[in-house]
Amino acid sequence: MRVAIAGAGLAGLSCAKYLADKGHTPIVYEARNVLGGKIAAWKDDEGDWYETGLHIFFGAYPNMLQLFKELNIEDRLQWKSHSMIFNQPEEPGSYSRFDFPDLPAPFNGVAAILSNNDMLTWPEKISFGLGLIPAMLRGQKYVEECDTKSWSDWLRSQNIPERVNDEVFIAMSKALNFINPDEISSTVLLTALNRFLQEKNGSRMAFLDGAPPERLCDPMVEYIQAHGGEVHLNRPLKKINLNNDNSVRSFQIGASSQEIKSEIHADAYVSALPVDIFKLLIPDPWKEIDIFKKLEGLRGVPVINIHLWFDRKLTDIDHLLFSRSPLLSVYADMSITCKEYEDPNRSMLELVFAPAKDWISASDEDIINATLEELKKLFPIHFTGENQAKLRKFKVVKTPLSVYKAIPGCQKIRPSQATPIKNFFLTGDYTMQRYLASMEGAVLSGKLCAEVVNEEESQISQSLAENKTIPD
Ligand SMILES: Cc1cc2nc3c(=O)[nH]c(=O)nc-3n(C[C@H](O)[C@H](O)[C@H](O)COP(=O)(O)OP(=O)(O)OC[C@H]3O[C@@H](n4cnc5c(N)ncnc54)[C@H](O)[C@@H]3O)c2cc1C
């Protein structure tokens with residue numbers, strides 16, 4: 001079958017890759033001139049990369065790791081020590097570590113928590129451990145049921161002290177969905193904790209060794225093309241044209257010249273668009289269909305990714321850091337953590353600015369000034385006295401609608417990859433899969449989508465025959 005896919009983020013490319021594996025012909029149409037969507041990156045005038053987001057790969061990403069294996073690019077993941085490192089706001093410039101020893105899960109996680117005495121007291125650790133028992137015993141079913149509560153409400157319901165939130169989970173919540181624990185669904189945190197506690201290397205982190213469009217998306221495109229598929233940039237989906245029975249007749253694709261066809265016929269059609277953009281393209285006759293109507297409840301959350309190039313090294317830590325600062329979430333010195341961005345003498349900090357709701361419309365200069373104020377607390381010795389670190393240049397990348405905001409109640413409105421429209425399917429991190437809004441979720445959703453398209457082949461052929469549409 002020829003399958004037209006709109007969107008070349010991880011979900012669209014993953015769907016195309018797995019369709020190609022099943023002998024189908026995927027044709028991907030991407031609106032922008034860059035691959036990757038939320039993992040897109042660009043080079044500045046001096047050849048330095050800047051990215052949509054600081055991206056971390058976890059040991060608990062089985063589908064992503066399998067994809068790296070299938071593309072034969074596993075060596076591009078730079079695994080870091082099995083630790084989680086937090087800044088200590090009360091002691092500027094110092095860090096607190098959770099180090100996971102080489103023990104089976106969950107003992108390595110329990111040992112990491114018990115051996116850290118900087119952040120939680122013993123009574124807090126015990127009450128948190130007791131609170132987690134239902135999640136550990138009842139597993140994913142319990143985790144899904146908790147989607148009625150925010151993380152702060154869940155902690156209260158388990159009698160876990162508020163300080164546990166302040167010390168650990170504000171940082172985790174901002175890292176996972178760019179919002180605070182009062183807003184985030186407890187399902188998100190419990191899903192992550194369950195994976196981290198149940199899989200030995202679940203919380204182990206890796207950085208890609210370079211810019212995601214080149215180091216991850218390009219190999220996916222090469223694979224798709226080698227298996228007969230196509231990927232086209234600068235070709236936005238403009239409209240979904242329908243047959244009389246409401247199945248898809250064609251994709252109206254933006255074309256840069258008259259010679260390029262703009263009405264694309266295929267056997268099956270996939271939206272791999274972000275949910276906010278897909279909602280704008282839902283054809284009128286579909287708007288009252290439950291699965292599409294519910295999408296109104298899913299909306300992207302704003303986030304800002306900041307790059308700061310300094311005249312010297314600010315840290316020697318080869319890892320992700322949880323800033324625990326009010327304006328920032330996680331950050332890393334990419335001149336150390338990422339091979340292609342390496343600089344032996346000068347730091348390039350990449351920082352996630354979140355929650356960004358009140359800052360998304362601010363000027364880049366205001367955002368940078370606010371970030372530098374926070375950095376003075378994180379690196380006091382470099383920002384006081386005579387010989388202070390100088391900012392050489394900066395880049396701010398704003399994403400006003402990024403991953404869907406995972407507030408309570410979202411789980412039941414996330415759509416499946418199959419839809420009631422016979423020849424139309426959905427993929428994207430917001431579609432239903434157990435990894436929420438993440439790179440792993442996007443890759444898994446693409447794989448699941450390819451599976452349903454393949455399974456529905458006979459139904460799709462029947463729909464095609466009924467509508468007498470002749471594929472190109
Ligand atoms: C700042 C930031 C940090 C993050 N950090 C992490 C992390 O550390 N770990 C992690 O696992 N995840 C992280 N994520 C989340 C992760 O990036 C996303 O979950 C994932 O990349 C989403 O992939 P997707 O394919 O579902 O959507 P997208 O990447 O949004 O892909 C959709 C594609 O559709 C294209 N498109 C839009 N409109 C049209 C149109 N009309 N026609 C054709 N194409 C169109 C877009 O240009 C895009 O390429 C982060 C995200 C951000 C923003």
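This is a predicted model: local features need pLDDT of at least 70, side-chain atom pairs count only at pLDDT 80 or more; totals for chains, interfaces and linings use all residues.
The lining of the largest cavity comprises 16 nonpolar residues, one polar residue and no charged residue, where Ala, Val, Leu, Ile, Met, Phe, Trp, Tyr, Cys and Pro are classed as nonpolar, Asp, Glu, Lys and Arg as charged, and the others, Gly among them, as polar. Residues are numbered from 1 along each chain as its sequence is written, and side-chain values rest on heavy atoms, with hydrogens and water left out.

Four cavities of 30 Å³ or more are present in the structure, and the largest has a volume of about 260 Å³. Its lining is made up of 17 residues, among which Met 84, Phe 98, Ile 113, Val 168 and Leu 193 are the closest to the centre. Two or more lining residues come from each of strand E7 (83-87), helix H3 (107-114), helix H4 (122-145), helix H6 (162-177) and helix H7 (186-198), with H6 giving the most, at four residues. Cavities and pockets were located on a 1 Å grid over the protein atoms alone: a cavity is a set of points where a 1.4 Å probe fits but cannot get out, a pocket is an open set with protein on both sides within 12 Å along at least five of seven lines, and lining residues have an atom within 4 Å of a point. Grid points are joined across faces, edges and corners, and the volume is the space filled by probe spheres set on the points. Helices (H or I, at least four residues) and strands (E, at least two) are DSSP runs numbered from the N terminus.

The second largest cavity contains about 80 Å³ of space, and its lining includes Ile 39, Glu 51, His 55, Phe 207, Leu 208, Met 334 and Met 439. Strand E9 (205-208) and helix H8 (212-226) each contribute at least two residues to this lining, which by class holds eight nonpolar, three polar and one charged residues.

The second largest pocket has a volume of about 220 Å³; of the 13 residues that line this pocket, Val 110, Ile 113, Lys 125, Gly 129 and Met 136 lie nearest its centre. H3 and H4 each provide at least two of the lining residues, and H4 gives the most, with eight. The lining of this pocket divides into eleven nonpolar, one polar and one charged residues.

Around the ligand stand 35 residues, of which Glu 30, Lys 38, His 55, Tyr 61 and Asp 429 come nearest, a residue being near if one of its heavy atoms lies within 4 Å. The shell consists of 21 nonpolar, ten polar and four charged residues. Taken alone, the ligand exposes 1000 Å², of which the protein buries 93% (Shrake-Rupley method, 1.4 Å probe). The elements that give two or more residues to the shell are helix H1 (10-21) and helix H13 (439-455).

An open sheet of three strands, in the order E5-E9-E6, shows antiparallel pairing, and strand E5 (57-58) and strand E6 (77-79) form its edges, each pairing on one side only. Strands are taken to pair if DSSP finds at least two bridges between them. E6 and E9 run antiparallel and are joined by three bridges, with Leu 77 opposite Leu 208 in E9.

A further open sheet has seven strands in the order E8-E7-E16-E17-E18-E15-E19, with mixed pairing. Eight bridges link strand E15 (residues 303-310) to E19 in antiparallel fashion, and Ile 306 has Val 396 in E19 as its bridge partner.

Most residues other than glycine have a negative phi, and most peptide bonds are trans. The peptide bond from Ala 105 to Pro 106 is cis, with omega near 0°, and Pro 106 is placed in the loop between E8 and H3. A cis peptide bond also joins Ala 354 and Pro 355, with omega about -10°; Pro 355 belongs to the loop between strand E18 (348-353) and helix H12 (364-378). Asn 159, although not a glycine, has a positive phi of about 55° and is located in the loop between helix H5 (151-157) and H6.
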